[in-house]
Structure formats: structure tokens, C-alpha cells
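Have the structure open while you read.

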Amino acid sequence: MVSYRIGRLSLTTPTAIRNFYLTTLTILSLVLASCAAESNPLRFVIASTKFDGSDFKIILKDSTHNLTHPRVSPNGKLLTLTKYYHKNLDGLCLEESGYFNTEILVANIDGSNLRAVVPHQNGVMAANSSFVDDKHIIYIHFKPPQKTAIRLLDIETGEERELPTPQNLMPSDPHVRGNDFVFGTVDLEKKHPNTIWYSKIDTSLAKQLTHPIFPSYKPESFNLGDYDPRISPDGKKVVFMRYFGKEDWKTFVLDLTKPDAKEVQITNTFAWATPDWTPDGKQLVCFYINRADLKNSGIWLMNPDGSDKKQVNIPRKYIIHNPNTFIDKDLNEPRIIYGAHYNPGIR
């Protein structure tokens, strides 16, 4: 998901004093925070596990830079993800601090040969990548004042091109399955909810899929509406999440084979977020959180209609995000891959 926000710090003291104290405070904060960050090399991880929670593996780790949106290539050999470089006063680079100063990484599925295929630049967004095939990825690129774009990158040659999206929309959260292309939209002015759109990867034609309606539309710091669409393996359905405000995220499924189909809500309580399909398309993997019941929060599997929900038994003390699945080619079995942020308050 992408929210397009940048943090800001302002003080009301006279300029000279403000600059002196701000500089001193920043230096001290970063030095102390760097020491603290170094003490926890597993603060941010990309991990994987079998569907029953066994054979847990940490693939990548970082003490300072958040690692998010892990996606695996169709052949199961490569991994792509987003890394953050916008440090806060604690010396940590977090997703919640915004998507500027980000980069796109690719590695072997075991975490080896990690390299930046879109290196980070100050004030530039390069985030939320996923594979189109075994050698191409798509990702969001935003360099103000230019228009936000969805780019298609050849990770072997470095050649890239922009995928066509409507000129009046700011696209986000792209996913491609074959020639089918879905993406979300972001309303920076927060006058309208975010929506999901569908197109073909080789054409500029696009149509709006979802039309979220809120009885009382009161935009929050995070815009209401739809995020993170993912197309099913057979190309017939799309799953996504809808934000209703505060901590209320619900999962929806829409049938792409029916021109006038309406989205169907499949979860009801608390936050069910960032859903994705299992490789056979028979289940969904989803992140669930209920702050009043953290033991049951985490990764869950369910049927595409929301039935038969089962929690995956994974290690605690982590805030989980962006779970999805892939086939381990060596063992010929499915696995879950996800990002995680260490939180000692979880039991």
C-alpha cells in the first residue's frame, strides 16, 4: 500500500537558536538510535514458513532499514522487495514515515546476491514491486513534480518503460497476471475514496472496478477506500482490502469474468489486510490484527469466500505485513513469505 506522505518537524524558537538545537538534537538522536538499532540485527526481517508454520526461515534481516512487500518470481528462484532510507529521529527507516527515499531490491530466494535494481534517491519513491514474469518486475515510481507512474523493469538489462494509466489518476499498488493489470488509485486531496482499476498491460484502456461508498466520508491521515489488489492465478478474480477508518480493514473479492459484478465482502471484524492468493488459487493468505487479542493476530489462511479461517503458527514478537505465497521448487510445496518488524510487546 502507498499513502504518499512525508514527515515534517517545525519549531517556533528564533532561527539561530532553533537551528543550533535542531542540529544538536538530530545528531545526538541519530547517534544514540544507531547504537540502539545495531543491538537488534533482527529488527526488520523477511521470513518464510510452510503453511502449517513449520520450517521457519529468516531470509533477510536489517537493524535499521524496514524491508517490505516481498514478492517471489514465478519460477520460485528470485525475490523482490522494498527498502526504506528515510530516517526518523530514532534512527530507523520505517514504512509509516513515507515511501520517499525507497529502493527496489532483488535477491535469490535464499537471500543471497542481494542487489538494488532501482537504487534509492533522495525525494524519490521506488516501491511496492512484484514480478510480471521471471525477468520483469513492476513498481511505483514518483519523483515530484512528475506524475506517479507504474514502471515495468527488465532486471537483467535495466531497460524499463511506463505502463499506461489514466492521466487524471495517481496510480498505486500494481499487480500483473499475464496480460491482466490491476492497480489502486490515491487521492492526495482526500476528496474521494481510493478505488481499484483494471486494464491490459499492452493497452491504455482502463476501467474502474470498485466504487466504495461511505455514508459519512471523513478522510483520516490514511485515505479511506481500496488498496492492494491481487489477481487470482486463473485470472478470474481480484482480492483487495478496503479501509473504513481507524483500525477497520476488510477484505473483498470481485469476479472479473462478470462485467457488472460487485465486490463481495468476506471478512467482518477488526483488521484483515493485504490479502493474496495461494499458488493454486484455492485459498487466501491474509494478515489479521486485533489489538485486544494479539495472540490471534498474525497470518491466516481462508477460503476465497472467507470461510474456514485458520491461523498460521509463526514466531511471536513481530508485527507482520504483506504475506503472500510461492512454490518451493526444490520441495515442490507451497510456502508463505512475509515481512516483519520486531515488537517486544507482543506475547
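This is a predicted model: local features need pLDDT of at least 70, side-chain atom pairs count only at pLDDT 80 or more; totals for chains, interfaces and linings use all residues.

The lining residues here are Val-45, Phe-56, Pro-315, Tyr-318, Ile-320, Tyr-338 and Ala-340, and β23 and β24 (333-342) each supply at least two of the lining residues.

Searching the whole structure turns up two cavities of 30 Å³ or more. The largest cavity holds about 120 Å³ of space. Its lining has 16 residues, with Ser-297, Gly-298, Arg-316, Tyr-318 and Ile-320 closest to the centre. Two or more lining residues come from each of β20 (284-289), β21 (298-302) and β23, and β23 has the largest share, with three residues.

Then there's the second largest pocket. It is lined by 23 residues, and nearest its centre you'll find Val-72, Ser-73, Pro-74, Arg-177 and Thr-325. β23 turns up here too, giving the most to this lining with four residues.

Side by side:

| Space | Volume | Lining classes |
|---|---|---|
| Second largest pocket | about 420 Å³ | ten nonpolar, eight polar, five charged |
| Largest cavity | about 120 Å³ | eleven nonpolar, three polar, two charged |

Now for the loop residue. Asn-122 sits between β6 (115-118) and β7 (125-131). Its relative accessible area is 68%, so Asn-122 counts as exposed, the cut-off being over 50%. The C-alpha atoms of Asn-122 and Asn-101 are 5.0 Å apart, with the two residues 21 apart along the chain.

Methods: Residues are numbered from 1 along each chain as its sequence is written. Side-chain values use heavy atoms; hydrogens and water are left out. Buried means under 20% relative accessible area, exposed over 50%, partly exposed in between (1.4 Å probe, protein chains only). On a 1 Å grid over the protein atoms alone, a cavity is a set of points where a 1.4 Å probe fits but cannot get out, and a pocket is an open set with protein on both sides within 12 Å along at least five of seven lines; lining residues have an atom within 4 Å of a point. Grid points are joined across faces, edges and corners, and a volume is the space filled by probe spheres set on the points. Ala, Val, Leu, Ile, Met, Phe, Trp, Tyr, Cys and Pro count as nonpolar, Asp, Glu, Lys and Arg as charged, and the others, Gly among them, as polar.
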